[in-house]
Amino acid sequence: MEIDRIDERTPNQLRPLICSRNVLNRAHGSSSWSQGDTKVLAAVYGPKAGTKKNENPERACIEVIWKPKTGQSGKLEKEYEMILKRTLQSICILTINPNTTTSVIIQVVSDDGALLPCAINAACAALVDAGIPLKHLAVAVCCGLADSGDVMLDPTKLEEQKMKAFTYLVFPNSVFSVLPEGSLQVEGEPVENGIITSVTQGLMSVSFKFVQVEDYLHCIERGRAASAKMSAFLRRSLQSQLPSDTLKAG
Amino acid sequence: MAETRSDSPANFVDSSVVPGDVVLDISSMANQTIKLGSGLRQDCDAIVAMKAGKLRLTKPNKYWVESSQKRYVPCVEDSVLGIVVDSRSDNFLVDIKGPALAFLPVLAFEGGTRRNIPKFEVGTLLFVRIVKTNPSMNPEVSCTDASGKAAGFGPLKDGYMFECSTGLSRMLLSSPTCPVLEELGKKLSFETAVGLNGRVWVNAASPSTVIVVANALMNSESLSMVQQRIMVEKLLQNLKLSS
């Protein structure tokens with residue numbers, strides 16, 4: 001099925017990705033991530049001593065602040081903060097620095113669709129830049145379902161508005177492993193076949209009834225394939241920038 | 001999606017890893033002791049990376065991930081620069097750029113007794129040695145070396161302190177001496193204290209020397225050895241022209 005996307009991409013094609021680390025001088029870790037025209041800046045401060053009142057003092061606490069491009073923070077920003085907090089809590093190793101708080105601040109620079117996945121990617125890169133211990137990386141994609149039933153990846157804002165439904169999916173990254181049978185397995189399946197977060201909006205069919213197409217499962221498949229490419233891009237951009245002739249510590 | 005290497009685990013050594021990479025499979029190494037440094041953790045039978053950086057190995061069995069951050073993870077026997085934040089009856093609270101404040105016992109000085117407790121104001125810069133670290137407790141530091149002598153630890157007066165990354169601190173403390181310090185030392189006279197927590201203190205007779213040395217050290221992070229020497233030459237030429 002040929003679909004005409006406004007910027008002439010194929011349905012499975014992502015927009016150009018640009019990622020830079022250590023962009024802010026004072027933040028302990030920072031990164032800027034852009035997918036096409038959507039650009040998000042993430043800064044990480046911490047770990048700092050002390051947790052908030054309701055948090056468990058035996059684990060590290062992650063605090064997310066979302067700053068929109070214009071206007072004041074409202075309910076939508078609070079929802080994004082909550083989703084981001086839960087996602088980052090599942091990739092950080094919280095037992096290493098108990099009773100500390102790590103603050104992640106997201107600043108939206110420009111929004112052209114797929115804002116939350118872009119923010120999740122930026123936050124993950126910023127956490128790596130700050131040296132926060134992580135279990136694995138998180139890669140986020142947005143899949144949209146058009147009226148005709150076709151699945152499109154990484155929609156722009158105009159495409160998002162026309163869609164019947166869309167979903168943000170966050171996958172663990174693909175890992176290099178020395179184990180012969182691949183990476184660590186959880187209940188028989190490799191870890192990277194799992195999903196960390198899924199946020200859906202709109203109407204999508206899942207069931208088998210009436211021989212309907214399982215749109216949501218299609219989205220997951222396409223998203224997983226795209227996440228492999230993004231994973232490779234993230235790995236390249238996280239390569240160390242130190243000169244190769246480093247001196248050994250005495 | 002996982003790429004597997006059929007060779008021995010030494011394949012990942014000296015290459016970049018990201019969090020989640022399984023770097024070592026210890027189910028095949030029975031009866032061996034492996035030491036894990038920073039950035040690695042054990043997950044059942046596999047060693048997994050927690051930070052992004054280069055995996056290093058010193059023979060025979062010590063593995064760690066080398067990376068450079070702005071914050072510091074306290075390790076025993078490291079010498080760091082701390083700033084006094086508060087003083088209590090039995091210890092000072094010192095900020096060492098780590099997840100928790102460090103405690104400096106009031107008696108942890110050479111010849112320290114209850115009668116001659118030093119009085120440090122808030123903001124005093126101290127060169128201290130880390131004595132104890134535990135995951136959920138505040139680290140403990142001391143102004144003496146292991147045998148109880150002062151050995152250069154204690155408050156640092158005058159001079160100028162700037163912050164840098166932990167990678168730069170390690171480079172400045174590496175042996176043989178790093179090219180920047182060598183070249184500067186040939187022409188200028190100054191003293192430095194490098195803390196492994198990303199703080200460096202410089203002192204010299206005249207302010208212009210302090211500024212030149214501090215700028216040279218700050219700029220040398222991403223330069224190779226040859227580039228460092230060239231940079232220092234240029235800075236010293238500017239200093240001679242203006243003085």
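1. Domain bounds here come from an automatic or database domain assignment. For chain B, that assignment gives domain 1 (9-66), domain 2 (79-155) and domain 3 (160-242). Taken over C-alpha atoms, the centres of domain 1 of chain B and domain 3 of chain B are 33 Å apart.

2. A quick word on ground rules: this is a predicted model, where local features need pLDDT of at least 70, side-chain atom pairs count only at pLDDT 80 or more, and totals for chains, interfaces and linings use all residues. Residues are numbered from 1 along each chain as its sequence is written, chains are lettered from A and ligands numbered from 1 in the order in which they are written, and side-chain values use heavy atoms, with hydrogens and water left out.

3. Now the strands of chain B. Helices (H or I, at least four residues) and strands (E, at least two) are DSSP runs, numbered from the N terminus, and two strands pair if DSSP finds at least two bridges between them. Strand S9 (residues 79-87) of chain B pairs antiparallel with strand S12 (residues 125-132) of chain B over five bridges, and B:Ser79 sits opposite B:Arg129 in S12(B). S9(B) also runs antiparallel to strand S10 (residues 91-95) of chain B, joined by four bridges. Here B:Ser87 faces B:Phe92 in S10(B), and a hairpin of three residues links S9(B) to S10(B).

4. Further along, look at strand S16 (residues 190-195) of chain B and strand S17 (residues 199-204) of chain B, an antiparallel pair with six bridges. B:Ala193 has B:Trp201 as its bridge partner in S17(B). Three residues lie between the strands of this hairpin, and B:Gly198 takes a positive phi near 90°.

5. UniProt has labels for chain B too; its positions are given in the numbering used here, feature names are shortened, and annotations may be inferred rather than shown by experiment. An unreviewed entry puts "domain: K Homology" at residues 159-207 of chain B. That stretch is 35% helix and 33% strand, with its end C-alpha atoms 9 Å apart.

6. Over in chain A, is A:Glu77 buried or exposed? A:Glu77 is buried, with a relative accessible area of 12% (buried means under 20%, exposed over 50%, partly exposed in between, using a 1.4 Å probe and protein chains only). A:Glu77 lies in helix H1 (residues 75-91) of chain A. Leaving aside neighbours within four places in sequence, A:Glu77 is in contact (heavy atoms within 4.5 Å) with A:Trp66, A:Pro68 and A:Gln72. Its side chain also reaches the backbone nitrogen of A:Gly74 at 2.6 Å.

Conventions. Polar contact = N/O pair within 3.5 Å; in protein donor to acceptor, adjacent residues only side chain to side chain.
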